[in-house]
Amino acid sequence: MLMKEYRVCMPLSVEEYNIGQLYMIARHSHEQSEKGEGVEVVINEPHEDPVHGKGQYTEKRIHLNSRLPSWVRAVIPNIFYITEKAWNYYPFTKTEYTCSFLPRFVVEIETRYENNNGSNDNCLNLTQEELIQREVIFQDIAYDELPEKHYKENEDLKKFKSVKTGRGPLEEGWIKTQQPIMCSYKLVRVKFEVWGFQTKVEGFTHTAIRDILLLGHRQAFAWIDDWIDMTKDDVRDYEKKQQMQTNMKVNAELGTGDAEVAPVNNETLAKASGAAPSSPT
């Protein structure tokens, strides 16, 4: 298992991001989806936990078939998808990614949001053993590089200025001086227990997760003028509408019958598990 803790700061308060997070995930999922590909919402309902209290449970299917190498697609059914299960007890969330075709591949993410600039060294109450094992990675949503395919000038936070809040552009060193400021602390555990492939696959998966976390948090601020005036009811209505449209888009070319599953060996599993979650958590 490879465990890393990502710390991603944003020029927002935790209270503001309660709305911004929901808006960003719904819009991002819709934009990243196309016919037969993307994020399909299966369940989105209230949930109560004896420890964390009232929250929201969602279950999604992330369809990734066309994003896999062509030779892997030849042996994996067209209905290939990753299952995302998420429990949102804001400001704490827990997310799990699994795949029925890859039973030894699991990604677990625990998140807590705090109003600081990433200065809490044990936000998620890790054990001493876990503290020694983890690697801490600070991400700068304005100055860390994204893959070119994700770059949009209107989402470049070195240039973006919010009309409604006056925040931005973000200058070098903004994390030390910005107010308000908050941090997403994300502990990510990646497990792929297949001998000979574990290190490579777990490392590649973390690279993909790092990119999607950077993109999602960057978009949350770049879209602030679209969501800052929303109430919780407003963003839940927006979420429902986006989910309906996204499901229609994703399901447009998905078959409804059971696909025949070809044998899959360890090398195929290793390649396929490199497909990372396409929905930021």
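This is a predicted model: local features need pLDDT of at least 70, side-chain atom pairs count only at pLDDT 80 or more; totals for chains, interfaces and linings use all residues.
**Stop 1: E5 and R7.** Select E5 and R7 and show their side chains. The two form a salt bridge, and their closest N and O atoms lie 2.7 Å apart. Are E5 and R7 buried or exposed? Both residues are buried.

**Stop 2: R167 and E16.** Clear the selection, then pick R167 and E16. Their side chains meet in a salt bridge, with an N to O distance of 2.8 Å. Where in the chain does each partner of this pair sit? E16 belongs to helix α1, residues 14-31, while R167 lies in the loop between β7 (135-139) and α4 (174-177). The pair is 151 residues apart and so links distant parts of the chain. R167 and E16 are both buried.

**Stop 3: E110 and R189.** Move on to E110 and R189. This salt bridge has its closest N and O atoms 3.0 Å apart. Colour the two strands to see the setting: E110 is in strand β6, residues 105-114, and R189 is in strand β8, residues 182-192. The partners are 79 residues apart, and the pair links distant parts of the chain. Why does R189 count as buried? Its relative accessible area is 11%, and buried means under 20%, so R189 falls in that class.

Note on methods:
Residues are numbered from 1 along each chain as its sequence is written. Side-chain values use heavy atoms; hydrogens and water are left out. A salt bridge is a side-chain nitrogen of Lys or Arg within 4 Å of a carboxyl oxygen of Asp or Glu. Buried means under 20% relative accessible area, exposed over 50%, partly exposed in between (1.4 Å probe, protein chains only). Helices (H or I, at least four residues) and strands (E, at least two) are DSSP runs, numbered from the N terminus.
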